[in-house]
Amino acid sequence: MITLNILIFSEMFPKKNNPSSGIFIIERLKELNKINDIKYDFIPISTEDNLIMKTLKKARNIKPLILPNKIQVEARSFIPLKVKLSTIDRLGILKNIPKYWIKYASKMANEIIKKVDIDYDIIHAHRVFPEGYAAYLINKKYNIPYIITAHGGEIHSISNKYYEIINLIFNNASKIIFVSEALRKIALNIFDIKEEKTVVIPNGYNQNIFKPYDKNEIRKELGIYKKNYNYVGFVGNLIPIKRADKLPDIFNLIGIKNTKFIVVGDGYLRNEIENKTKNLDILFTGRVSQNDVAKYMNAMDIMILPSRNEGWPCVVLEAQACGTDVIGSNNGGIPEAIGFEEYIVEDDDNFEYRFAKRVREVLKNGYDRNKIIDRAKEFTWENIVDKEINIYNKI
């Protein structure tokens, strides 16, 4: 078989203040390391906040964007490419003004062309915009086919100001991978895409990290064990798209005594959530390592995901692989990821009340842990990357 040489790049990769960012790309690279007939280079590419932007963000209680010195993927190291942007450019991006985002994407392409010997069979950009536009520009210069993986927000939450440029990106791509069927349907409805160009390949999970342990033993290890307690948790960014603003309502409506709540993650809503849950037995862990995420997931009886939208929530499979039931909304790719209709709550009137009621019912009646674990096994990274390699070979 011919050895393929792939260039993979994305702005999504672990950052100093967010080590879990883009972890689904790093896991792909680990699997590619095992495959002899695939060579790849990975370019983590982003901008970094200057002093003015750091000061402005600090005033708004927003953590600044600081890039790591390198991204380590087993034995290989990848140095982030820094795209230099002026303060005006950065403010334009924060205000979501298209010309500044397009400028950023163009500078991405220029940095890659300048720093890398462009001698690849395929370019794989993770995210439609801005990375997909950078891939389009490189394709125009070198005529190398490119693939895009659409992860969610750049489809379900994109402003119509970007529709024209996203159509350009899609029309020139060799293949468009969507992480869920729900996301693919949204894109087909909004954008001018040839359906035969599209395919669904979700994100997976690391079976060496996310695996089942004895729940009580893990709770003791974490120092949160209480006899005959229920444990309900949330894992994710504390932002409105995750419906984190409604976590206090949901937790309070569950209304079962002897319940410990666990919130794993961080975001600008954290202080508000903490203030509204002072009456509860609740733990806020902040951002933690993947190994610790797995421990907290194992400690939970139920993990909730009431998001207003999701592309393909990896946390669902990770929790299920730990043997923890997940209850989620019916938005985006959540039902596909959960895979069990009885754990989906329709997003409609009185959602928080009905969601909390479903959590109470499952805590009372229990669930088949082995069934959940077996279902998650379909989505190991080995299986997911194998599907992507099939796409590479076809192109």
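This is a predicted model: local features need pLDDT of at least 70, side-chain atom pairs count only at pLDDT 80 or more; totals for chains, interfaces and linings use all residues.
**Stop 1: the whole chain**

Show the entire protein as a cartoon. There are 17 helices and 15 strands to find. The C-alpha trace spans about 65 × 50 × 40 Å along its principal axes. A compact globule of 395 residues would have a radius of gyration near 21 Å, and the protein has 21 Å, so the two agree.

Of the 395 residues, 56% are buried.

**Stop 2: helix H1**

Select residues 23-32, which form helix H1. Is this helix mostly covered or mostly uncovered? It is mostly covered, with nine of its ten residues buried. Colour the buried ones: Ile-23, Phe-24, Ile-25, Ile-26, Glu-27, Arg-28, Leu-29, Glu-31 and Leu-32. Charged side chains are on this list too, including Glu-27 and Arg-28.

**Stop 3: the cavity**

The structure holds one cavity of 30 Å³ or more. About 40 Å³ of space lies in this largest cavity.

Which residues line the largest cavity? Select Ile-23, Phe-24, Glu-27, Gly-204, Asn-206, Phe-210, Gln-290, Cys-314, Glu-318 and Trp-381. Two elements give two or more residues each to this lining: H1 and helix H13 (314-321). H1 provides the largest share, three residues. By type, the lining divides into five nonpolar, three polar and two charged residues.

**Stop 4: Ile-334**

Next, select Ile-334, which lies in helix H14 (residues 334-338). Its relative accessibility is 0%, so Ile-334 counts as buried; the cut-off for buried is under 20%.

Show what surrounds this side chain. Apart from its neighbours within four places in sequence, Ile-334 is in contact with Leu-305, Ser-307, Glu-310, Pro-313, Gly-328 and Ser-329.

How far apart are Ile-334 and Ile-2 in space? They are 38 Å apart, C-alpha to C-alpha, and 332 residues apart in sequence.

Conventions:
Residues are numbered from 1 along each chain as its sequence is written. Side-chain values use heavy atoms; hydrogens and water are left out. Buried means under 20% relative accessible area, exposed over 50%, partly exposed in between (1.4 Å probe, protein chains only). Helices (H or I, at least four residues) and strands (E, at least two) are DSSP runs, numbered from the N terminus. On a 1 Å grid over the protein atoms alone, a cavity is a set of points where a 1.4 Å probe fits but cannot get out, and a pocket is an open set with protein on both sides within 12 Å along at least five of seven lines; lining residues have an atom within 4 Å of a point. Grid points are joined across faces, edges and corners, and a volume is the space filled by probe spheres set on the points. The radius of gyration is taken over C-alpha atoms; the globule rule is 2.2 Å times the number of residues to the power 0.38. Contact means heavy atoms within 4.5 Å.
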